[in-house]
Structures are given as C-alpha cells and as structure tokens.
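Hi everyone, thanks for coming. Let's have a look at this one together.

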Amino acid sequence: MGYTPKKLFALLLNFITIFALLLLSISAISSIIHAQTVIIQPKNSSEFIDVAWTYPPDALDPATGFCDPDQVIFNVVYQQLVEPNVSNPLQVVPGIAYNWTTTNYENWTFYLRHGVYFSDGVQVNASTVWFSFYRIIIMGQGPGVNNYINLLFNATVYSNTGYAIPWGVAAAIQNVTGLPTENNITLAADILASILSHFNAANITIQKIMEYPYQAVVVKGPYEVQFNLLHPYRYFLLDIAYWWGAIQDPVFIDEHGGVQPNTPNSYIDEYGMPGTGPYIIKSVGSSFSTVVLVKNPDYWGNNVSNLPPELQPAHIPVIIIYYGLPHDTRLEDFDNNLAQLSYVSPPYLGYLYNNYIYKQYVSFNQIFYLANETQGCIAYIGMNTQIYPTNITAFRLAIVHAINYTQLLDLYKFNNTILAREALGPIPSTYPIYYKILNITHLSLYQYNISLALHYLNEAGYEGHFYVVLPNGTQIGDPNGTQLQTLNIYISVSRPTAILEEELQIVQQDLEKIGIATAIKPVLPSVVDTWTTPQSTPNLVYAVYSADWPDPIFQQLLPLTDVFFGGISGNYAWLNISTLQNMYNTLPFITNQTEQLQLVAKAYEIIYNAAPYIWMPTPTLYYLVQPYVKGFVAQELAYYFYNMLYYQPVTTTTITPTTTTMSSTVVPTTSTPTTTSTSSVISTTSTTTPSSSVSPLLIVGIIIVIIVVIAAIILIMRRR
C-alpha cells in the first residue's frame with residue numbers, strides 16, 4: 001500500500017519535529033556541560049626557585065666547603081674528571097676526562113677532553129688537574145683531608161707534621177731543585193704552596209716537578225694524567241667524582257689570595273670562583289641566605305654531542321636558591337607556586353597537599369619525589385668522648401638507654417608509611433654489609449630502658465663526682481659531688497625543621513626523666529667549621545652525616561669513629577680507641593672481603609660498648625617538585641643537577657557546569673612572601689565543548705536521543 005501525499009506530509013512533519021527535539025537536547029546538554037582546560041606552569045619560565053634547603057652552605061670553595069647544601073651548587077659550577085651518575089650512586093659518568101684505565105686499582109690514568117674551559121676563558125689541561133688535587137690536599141681542609149688520606153697523602157706524615165702533603169711531591173721538588181725537602185715537610189709544604197700560588201705550567205722547573213714519576217699525581221702529557229695511590233682502592237672513581245675532585249682555575253686563584261698550607265681562601269669561600277660547569281655563581285646573599293646561579297653562555301659543552309645528562313648545557317637561565325627559610329614559608333611558597341622545589345617534614349605533607357593551589361588537577365604522587373637511597377646517610381647526636389661529663393662511658397650508656405626511639409620514629413609517619421629509617425650506626429642499614437655485621441655480632445639497637453639508664457647514671461655520678469635530681473626529687477649519683485649542669489645540644493642549622501624540633505624535644509623530655517637538663521642551640525655551619533679539636537667541640541652535637549661516596553667502611557665506619565676525622569669530618573664524638581686506630585690503617589684496603597667483614601664486626605662491638613652516639617631516625621630523602629618541572633632526578637649522595645631541569649607546562653581538561661561561554665586568565669589572590677617575587681598564574685580557557693573534546697556524559701546524552709528518535713521512526717512506520 002503506497003503513501004498518499006497527506007501521509008507523506010505528516011511523516012515529514014514528524015521527522016522535522018523529532019530532529020528539532022534532537023537539536024534542542026544537544027543544545028541543552030552543551031549549555032550545562034563544557035570542558036575547562038587548565039595550564040599549570042611557572043609565571044617566569046626563565047627562573048627556577050629552590051627553597052628545599054633548611055640551612056646554608058658553609059663555603060663556596062670546593063677545597064673548603066664540606067656541608068650537604070654545597071653539593072647542588074658545586075654540581076653545576078665546578079666539574080670533575082668523572083661525574084657522579086645521579087641515576088645510580090654506584091656508577092660514574094665521563095666528565096672532564098672522556099676515558100680512564102687501571103689494571104690494579106692502584107695506578108689510574110685519565111685522558112682529558114680537549115676544548116674544556118673555565119667560564120673566564122682559561123683552558124683545562126693535565127697541569128690543571130695536578131694543580132687542583134695538590135691545592136685541595138695542601139690546604140688541609142675537610143674535603144682534602146677526609147677524602148684523600150692514605151690514598152694521595154700519608155696519614156702518619158700528616159699526624160706527625162700537621163701537613164697533608166701529596167706523597168712523593170717532596171721528593172719531586174728535591175730531585176728537580178736540589179732543595180732539602182724530603183726530610184723537611186714544612187719546607188716542602190711552603191714550596192708547594194708557592195708553586196701553586198704562582199702557577200705557570202710553561203715554567204720548565206714546574207713542568208719537571210709535575211712529570212716526576214714517583215708521586216701522587218703525574219702529568220704524562222698535555223691531556224694525560226696519572227694517579228698513583230698509596231693502596232689499591234677499587235672505589236677511587238666514586239671518590240673523585242664529587243667536589244673534592246673539582247678541577248679549579250689556577251689563574252683566578254693566583255689572582256685572589258693564592259694557596260697557603262692548612263689555610264682556607266677566604267675570598268673564594270665567600271664568592272666562589274669560575275668553574276667549567278653549565279652555571280656561574282652570579283650573586284651570594286648575606287651568610288649564604290641566597291645564591292643565584294646563571295647559565296654559562298660560553299659553556300664548553302654547548303656544542304658537544306653525546307654528553308651524559310650531568311654534563312649537558314643548562315635549560316633554565318636562572319637558578320635562585322633560598323637557604324634556611326622558615327617552615328611556613330617553604331610550605332606556602334610551594335603551595336602557591338612561588339617555588340618549584342621545596343621540602344616539608346612528614347607531618348606536614350598532608351597539610352601541604354590539602355592547601356595546594358592545583359590540588360583539583362594534580363595528585364599527591366605527581367608532586368612527591370622519593371629519591372634514590374641505594375646508599376645512605378645517618379643521623380645522630382655525637383657525645384664528645386674527650387670532655388667532661390660525656391667522657392664517662394657509663395654516662396653515655398645512661399643517655400642511649402634513656403631515649404624512646406619508637407616515639408622518635410613515629411614522628412615520621414605519613415599515610416601509614418614511616419618516612420625515616422633507623423640503624424645501629426655508624427653504617428646505615430641501606431648497605432648490605434650492615435645486616436651481615438648484626439648477624440655476626442648479634443647486636444641490636446640500644447633499648448629504651450629507664451631502669452638501666454638510671455643504673456648507668458648512678459655509676460657515672462660516682463665516677464665523675466656529680467649527682468642529678470629526678471623529677472620526683474630523688475638524687476642519683478654521688479651525693480658529695482656537685483649537681484650536673486645543663487648540657488647544650490648543638491645543631492648545625494640556623495632554623496631547625498619542625499620535625500627536628502619535635503625530635504629534640506622528645507630527647508630533652510626523656511633525659512629530664514633521668515635528671516639530665518638540656519638546651520637546644522642552633523648554630524651556622526661556619527661555627528661548626530671551628531670545631532677542629534675535642535676541646536672546641538661541644539658535649540652534644542646533632543648531625544646528619546652523609547657519605548662522600550658509597551663505601552661503607554672508608555666513608556661510614558671510619559669518618560664517625562676514627563680520630564683522624566674528628567669534628568666536621570664526621571667524628572663529633574672524637575672517639576679515639578687505639579685498637580680501632582691500629583685496625584683502621586689497613587681495614588679499608590683489605591681485598592679479602594671475608595677477613596674485612598670479620599674485622600668490621602669486631603670494630604662494631606668495640607664501638608657499641610663505648611656508646612659514642614645516640615643513633616637518631618634518619619629521614620628518608622624526598623622532595624616536593626612542581627608537576628611542570630621535568631628532568632628532576634635525585635639521589636642521596638649527589639642530590640640533583642640543575643642543568644638537567646626544564647619546564648613543560650601541564651595541561652589538564654576538566655568538565656564543569658556553566659551556562660555561559662567565556663575565556664579568561666585567573667590570578668589567585670595570595671600574599672607574596674618577601675623572599676620570592678614569582679607569582680602563580682592559572683591560564684583557564686572555557687568554551688562550549690568541541691567535537692574533539694566532547695565529554696562522556698554529552699556523548700551518552702546524544703546516544704540516548706538518537707535511540708529515542710529511531711524508536712519513534714520505527715513506531716511511525718509501523719502505524720503507517
């Protein structure tokens with residue numbers, strides 16, 4: 001049966017009506033739902049603001065600076081023959097040397113890149129390497145002494161004469177000049193310092209001294225240099241990869257104070273010097289409160305291919321580092337996108353994220369970076385074993401058993417995870433050898449035991465002729481002695497973190513329970529640098545010791561328990577036990593690992609019974625990084641390299657209800673701290689949803705309408 005004109009007209013009218021309803025439905029849905037694109041980015045893409053460091057550097061000269069905050073500056077201003085692999089702390093990458101060889105771990109030959117320059121235009125060659133290593137050793141500061149003792153200079157000569165002098169250089173000077181320096185180390189040190197202070201690699205006499213084959217560092221050719229160690233040492237590459245292996249500018253140093261034995265260079269400490277790295281130090285704030293780095297426009301690596309990431313040219317032109325900002329400022333600067341990198345203690349991570357300006361667009365894991373902790377650092381309170389009353393072993397044992405370690409560790413809980421680790425030092429639990437030692441010795445962490453603490457304290461009181469008064473009025477110790485005075489706990493930061501303050505409060509409260517009163521005394525790292533003798537070092541010092549390279553014996557055990565490393569080098573307890581000292585002369589260099597392990601276990605038992613340290617929780621290393629910062633890689637020894645960083649804005653699209661179409665830029669109304677000038681900007685574009693970004697809800701609505709239309713058509717057809 002065919003359709004009449006009247007029926008066709010009615011059918012067409014129905015189709016038009018349904019189509020109009022379809023358009024109205026789509027229009028209604030799109031008027032309610034639209035896509036919002038948010039671009040998260042820094043306001044100033046030319047600057048990177050770092051507020052993560054809670055205390056400042058101690059010096060800007062790699063021959064003097066010996067605090068962790070120095071590292072991030074030295075990483076990108078100065079360079080070494082080899083560089084630390086920031087992705088793997090057990091490896092190095094080529095630096096100023098493109099290749100190296102060794103057959104016995106005792107003699108190492110390095111082949112230097114051609115065309116490497118300091119930022120002032122001075123070229124690097126083999127003589128520059130000789131100059132740099134001899135300068136850092138003869139200056140006798142922490143970096144040279146701590147890292148090259150019994151490798152490039154003799155510990156016994158240093159102990160007997162007070163000079164850290166590269167081995168063999170006295171013979172080299174005497175062989176070339178005829179001066180009697182072999183039996184007169186003072187004369188040898190003065191002549192070496194004079195050579196370095198008036199360094200002229202073209203001088204024939206200096207050339208012959210540098211080429212003398214029986215010494216620590218030998219110039220073999222214009223771009224070839226050999227290191228001859230006092231002992232075979234398989235970790236040598238890891239040793240020289242950090243700033244004490246920095247290649248330094250002899251011309252600039254000669255023009256700014258030269259070199260003196262056992263003496264820092266105050267000018268370079270304060271202002272730094274030209275380096276070969278991708279950044280230059282532009283300005284330094286008072287007491288190192290701020291350091292500004294700028295991109296090196298003449299960086300030698302600008303046009304060099306296949307450089308490892310650690311050596312590549314800088315991407316971000318300006319780096320501004322604020323040191324020692326208050327906790328609230330570090331928190332707010334990150335929350336409001338005023339800083340790209342920050343740190344807050346675990347108890348405040350939740351608060352930070354809840355107030356984060358981009359919380360609705362970014363998950364917590366997108367801004368939380370957990371660093372590589374294959375090897376580690378260790379936190380402690382050193383108890384000076386050489387001055388009263390911490391020189392009494394029973395007194396130290398009383399203290400270590402009076403501390404509630406579980407309560408300390410609980411401070412680091414976040415989302416049911418403890419962002420800290422504990423260990424029976426001096427070797428951190430991150431090293432496999434740690435558990436082997438405990439299996440042999442059957443030692444465990446000191447236990448929180450008030451009764452035992454009081455037993456030891458009473459014994460110490462009679463030995464030291466003092467008494468303490470417990471909170472209940474009871475006297476412990478020698479009643480005929482004098483009452484123990486308040487002890488200060490020094491911390492080498494100007495502004496302790498909130499969690500450190502809580503830790504130290506717990507320690508104070510625990511010690512008060514056994515009658516020991518304490519006070520917290522923050523000091524700058526420059527003050528810590530003066531603690532060079534047991535008498536100048538306080539009774540109690542809180543510190544976080546970080547290994548210079550990943551060797552659990554030479555870089556963890558010895559620095560904290562060998563008297564050669566007393567003071568800033570690590571041994572704040574000034575532990576000096578003859579049995580250990582005799583053992584340490586050869587322990588790091590024993591090649592039989594079973595024999596070495598047994599001796600380390602023996603050392604551990606001696607140290608445990610001496611109780612020179614309160615072993616504190618060691619915070620897990622993490623950072624807060626804005627989501628648009630790319631290339632950020634960090635580990636516990638090298639921290640991070642600014643030149644690897646670059647910006648990549650993060651674009652997110654969200655569906656929000658609205659009835660209008662608009663395009664705008666929203667600037668959050670937040671107060672800007674005086675410490676930074678960058679402000680937060682969210683670029684927001686709101687439009688009716690285009691087909692390329694139609695929301696799932698809109699698509700579902702359209703499908704439903706289409707189904708209704710089809711059903712209606714089928715129904716109409718059947719009725720016809």
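This is a predicted model: local features need pLDDT of at least 70, side-chain atom pairs count only at pLDDT 80 or more; totals for chains, interfaces and linings use all residues.

Residues are numbered from 1 along each chain as its sequence is written, and side-chain values use heavy atoms, leaving out hydrogens and water.

So, the core. A nonpolar core is a set of buried Ala, Val, Leu, Ile, Met, Phe, Trp, Tyr and Cys residues joined through side-chain atoms within 4.5 Å; buried means under 20% relative accessible area, exposed over 50%, partly exposed in between, with a 1.4 Å probe and protein chains only. The largest one here has 227 residues, and Phe 110 and Leu 293 are among those touching the most other members. Helix 3, residues 126-138, gives the most to this core, with 9 residues. Helices are DSSP runs of H or I, at least four residues, and strands are E runs of at least two, numbered from the N terminus.

Now helix 16, residues 432-441: which of its residues are buried? They are Ile 433, Tyr 434, Ile 437, Leu 438 and Thr 441. Their arc, taken from the directions from the helix axis to the C-beta atoms, is only 140 degrees, so they sit on the same side of helix 16. On the other side, Pro 432 and Asn 439 are exposed.

Last, the rings. Phe, Tyr and Trp rings (six-membered ring for Trp) pair if their centres lie within 6.5 Å; planes under 30 degrees apart are stacked, over 60 edge-to-face, the rest tilted. The structure holds 50 such pairs. Tyr 628 and Tyr 647 make an edge-to-face one, 5.6 Å centre to centre with 70 degrees between the planes, and both are buried.
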